Amino acid sequence: MRTIMRPGIGNLRLGRTRPAPSTARKVSLRDYLRRAVLPTPPRATSYSYPAAVSISQVYLNDRLGSCVVAGGCHVRGVTSANAGGGPVLFTDADVVAMYGAIGGYDPRDPTTDRGCDEITALRYWQRVGFPDGVRLAGWVRVDATDPDECRLALYLFENLFLGVELPGAWLDPAPQRDGFTWDIAGNPDPENGHCIVAGGYDDAGLDIYTWGMLGQLTWRALAKY
């Protein structure tokens with residue numbers, strides 16, 4: 001699990017691991033779509049601005065491999081903010097507790113900081129829930145190579161939860177501030193597993209949140225990685 005050095009700014013951590021193989025049926029959004037009776041997604045939409053305070057939270061992913069947990073916290077921040085009443089925010093203690101339950105992290109033993117995978121996390125949030133008491137009603141797979149399906153999923157549910165193996169060029173240099181763009185840049189690196197959340201889109205790609213920053217993932221990079 002890598003640490004990305006950013007002298008004078010603050011380090012970043014990765015931490016997404018590949019989900020274990022499963023024989024369980026894969027539930028995909030397209031299996032349930034009746035596009036003829038659904039609203040047509042607009043050309044661009046964003047759920048980012050009401051959730052800006054949540055998006056700016058790193059959720060310990062500068063010190064721990066907690067990117068999957070941080071991604072879940074950002075999902076809750078976005079969905080709660082867009083429901084009205086302001087975004088739900090979580091404490092460092094909340095993050096440590098979820099990382100322990102999902103990934104086995106014990107703050108007394110640094111060797112247990114080994115990351116975790118998004119499928120285990122989603123199942124945990126569906127079964128147990130977040131520290132604010134909210135549980136996921138469910139989740140489905142979305143085809144990252146189909147921009148129309150991604151737009152519809154994001155428009156209807158306000159987020160996409162992305163497990164990615166980043167190409168090395170995205171980390172050399174790593175993002176420094178809001179406004180970065182990730183486009184196709186070589187092959188994915190299995191050592192660079194990371195979880196990011198998307199909360200909007202336009203013609204160029206997805207609005208993504210990671211490490212407390214807002215950037216863009218192009219459509220073609222989404223399909224490749």
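Begin by selecting Val58, Asn61, Cys67, Ala70, Gly71, His74, His194, Cys195, Ile196, Tyr209, Thr210 and Trp211, which line the largest cavity of this predicted model. Next, colour helix 2 (67-82), strand 6 (193-201) and strand 7 (205-210), the elements that each give two or more residues to that lining. Helix 2 makes the largest contribution, with four residues.

Colouring the cavity lining by residue class shows seven nonpolar residues, five polar residues and no charged residue. With a threshold of 30 Å³ or more, the count is one cavity.

The next stop is the largest pocket, which holds about 1,500 Å³ of space. To centre the view, select Leu122, Trp139, Val140, Arg141 and Phe161, the closest to the pocket centre of the 48 residues that line the pocket.

Then display the secondary structure around this pocket. Helix 2, helix 4 (118-127), helix 5 (147-157), strand 4 (160-165) and helix 6 (219-224) each supply at least two residues of the lining. Helix 2 should be kept highlighted, as it contributes to the lining of the largest cavity and also to that of the largest pocket.

Finally, apply the colouring by residue class to the pocket lining. Here 29 residues are nonpolar, seven are polar and 12 are charged.

Conventions: Residues are numbered from 1 along each chain as its sequence is written. This is a predicted model: local features need pLDDT of at least 70, side-chain atom pairs count only at pLDDT 80 or more; totals for chains, interfaces and linings use all residues. Side-chain values use heavy atoms; hydrogens and water are left out. On a 1 Å grid over the protein atoms alone, a cavity is a set of points where a 1.4 Å probe fits but cannot get out, and a pocket is an open set with protein on both sides within 12 Å along at least five of seven lines; lining residues have an atom within 4 Å of a point. Grid points are joined across faces, edges and corners, and a volume is the space filled by probe spheres set on the points. Ala, Val, Leu, Ile, Met, Phe, Trp, Tyr, Cys and Pro count as nonpolar, Asp, Glu, Lys and Arg as charged, and the others, Gly among them, as polar.
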